[in-house]
Amino acid sequence: MSRPYCDNKSAAADGQDKPHYFRKHPEPGSLRASILKALIGGRVLTSLDAWREFGASRLAAEIHSLREYGWPVEAEMIEVEARNGRTTRVAQYRLDLESV
């Protein structure tokens, strides 16, 4: 079973329970704006997804910035297949669409 990185209590304390028009929006056309657009569209992203689709090698840093802007981005640790049949845990990010 996966656990979220950030719970709704801390999100509400940070002002992330505000409507989206009170949240800061990234600069149009930026990498951060592309990631936010994907999340608003209901996408779930991992670092590999971000690398393949946006050329972003530091998804966690972009997610951190979006959270600072007030966006309620949630993270969940999942197991994925790695090389040689091993598994590893990675974060997958989604936007809490009920709060948006």
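User: In what order do the elements of the protein chain run from the N terminus on?

Analyst: The secondary structure of this predicted model comes to four helices and three strands. From the N terminus on, the order of these elements is α-α-β-α-α-β-β.

User: Which residues touch the most other members of the largest nonpolar core?

Analyst: The largest nonpolar core holds 18 residues. Helix 2 (31-40), helix 4 (59-68), strand 2 (73-81) and strand 3 (87-95) each give two or more residues to this core. Within the core, the residues that touch the most other members are Leu39, Ile63, Leu66 and Val73.

User: Which element gives the largest share of this core?

Analyst: In helix 2, Ala33, Ile35, Leu36, Ala38 and Leu39 are buried. The cover over the buried residues of helix 2 includes strand 1 (45-46), helix 3 (47-54), helix 4, strand 2 and strand 3. With four residues, the largest share of the core comes from helix 2.

User: With which residues is Leu39 in contact, leaving aside its neighbours within four places in sequence?

Analyst: Leu39 is one of the buried residues of helix 2, and Leu39 meets helix 4 as part of the packing of helix 2 against that helix. Leaving aside neighbours within four places in sequence, the contacts of Leu39 are Leu45, Ile63, Leu66, Val73, Tyr93, Arg94, Leu95 and Leu97.

User: Which residue in strand 3 does Val73 stand opposite?

Analyst: Strand 2 and strand 3 pair in the antiparallel sense, over nine bridges. Val73 lies in strand 2 (73-81). In strand 3, the residue opposite Val73 is Leu95.

User: What is the phi of Asn84 in the turn of the hairpin?

Analyst: Strand 2 and strand 3 form a hairpin, with five residues between them. Asn84 is in the turn, and its phi is positive, at about 55 degrees.

User: What share of the contacts with a separation of 6 or more joins residues 24 or more positions apart?

Analyst: Of the 100 residues of the protein chain, 33% count as buried. Among contacts with a separation of 6 or more, the share from residues 24 or more positions apart is 57%.

Methods:
Residues numbered from 1 in each chain as written. Predicted model: local features only at pLDDT ≥ 70, side-chain atom pairs only at ≥ 80, totals over all residues. Heavy atoms only, no water. Core = buried A, V, L, I, M, F, W, Y, C linked by side-chain atoms within 4.5 Å. Buried < 20%, exposed > 50% of the residue type's maximum accessible area, 1.4 Å probe, protein only. Contact = heavy atoms within 4.5 Å. Pairing = 2+ DSSP bridges.
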